[in-house]
Amino acid sequence: RERNGSRVVVEATGKLTEADYHRLVPQLEHAMELGGKLRMMVRLLDFKGWTVGALIEDLGFDLQHRNDMEKIAVVGERRLEAFGVALSKALFSGELRYFEDEASALAWLDADG
């Protein structure tokens with residue numbers, strides 16, 4: 001994870017597990033305490049989805065922090081990932097977009113408005 005102002009970058013590789021969320025969530029919550037609403041980029045690299053426990057953790061985090069994210073950019077490689085982002089938009093009060101390239105995602109995250 002890297003932090004730049006209110007921007008946080010997270011990589012998701014392979015199949016996410018409940019343990020992955022137990023490591024990541026406290027770091028994200030700490031970043032929220034320090035900087036308020038986050039602008040987060042999620043890099044999906046050879047992403048294989050979630051275990052059942054991880055999916056439950058993800059949904060719980062999304063619902064609990066639905067108002068704590070200003071923008072979320074998901075950078076992926078497949079149409080299925082873009083479809084997943086479209087479905088997830090209802091869980092957040094901020095903006096959520098899918099990108100195929102990191103430069104466009106970062107430019108959008110850093111832009112005001």
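My entries follow, going from confidence to fold to single side chains.

**Ground rules.** I am working with a predicted model, in which local features need pLDDT of at least 70, side-chain atom pairs count only at pLDDT 80 or more, and totals for chains, interfaces and linings use all residues. I number residues from 1 along each chain as its sequence is written, and side-chain values use heavy atoms, with hydrogens and water left out.

**Confidence.** I checked pLDDT, the predictor's confidence in each residue, from 0 to 100. The chain has a mean pLDDT of 83, and 83% of its residues reach 70 or more. Which elements have the lowest and the highest mean pLDDT? I found strand 1 (residues 2–4) lowest, at 45, and helix 4 (residues 102–110) highest, at 94. Over residues 1–5 pLDDT stays under 50, and the model has 12 contacts beyond four places in sequence for them; a contact means heavy atoms within 4.5 Å. I will read that stretch with care.

**Overall layout.** I counted four helices and five strands, taken as DSSP runs numbered from the N terminus (helices H or I, at least four residues; strands E, at least two). Along the sequence the pattern reads β-β-α-β-α-β-α-β-α. Of the contacts with a separation of 6 or more, 79% are between residues 24 or more positions apart. Buried residues make up 38% of the 113 residues; buried means under 20% relative accessible area, exposed over 50%, and partly exposed in between (1.4 Å probe, protein chains only).

**Strand pairing.** Two strands pair if DSSP finds at least two bridges between them. I found strand 2 (residues 7–16) running parallel to strand 3 (residues 38–50), with 10 bridges joining them. In this pairing I noted Thr 13 opposite Leu 45 in strand 3. Strand 3 is also joined to strand 4 (residues 69–75), again in parallel, by six bridges. There, Met 40 stands opposite Ile 72 in strand 4.

**Crossovers.** From strand 3 I followed the chain through helix 2 (residues 52–64) to strand 4, and this β-α-β crossover is right-handed. Right-handed means that, with the strands pointing away from the viewer, the path from the first strand over the helix to the second runs clockwise. Strand 2, helix 1 (residues 18–35) and strand 3 make a right-handed β-α-β unit as well.

Most residues other than glycine have a negative phi. Asp 46, however, has a positive phi, near 50°. Asp 46 lies in strand 3 and is partly exposed, at 44% relative accessible area.

**Aromatic pairs.** How many aromatic pairs does a search of the whole structure find? I got two. Phe 47 and Trp 50 form an edge-to-face pair, 5.1 Å centre to centre with 85° between the planes. Rings of Phe, Tyr and Trp (its six-membered ring) pair if their centres lie within 6.5 Å; planes under 30 degrees apart count as stacked, over 60 as edge-to-face and the rest as tilted. Phe 47 is buried at 8%, whereas Trp 50 is partly exposed at 35%.

The rings of Phe 99 and Trp 108 have their centres 5.6 Å apart and their planes at 45°, so this pair is tilted. Phe 99 is buried at 14% relative accessibility, and Trp 108 is buried at 10%.

**A charge over a ring.** Trp 108 came up again: the charged end of Lys 71 sits over its ring, 4.9 Å from the centre. The test here is NZ of Lys or CZ of Arg within 6 Å of the ring centre and within 35 degrees of the ring normal.
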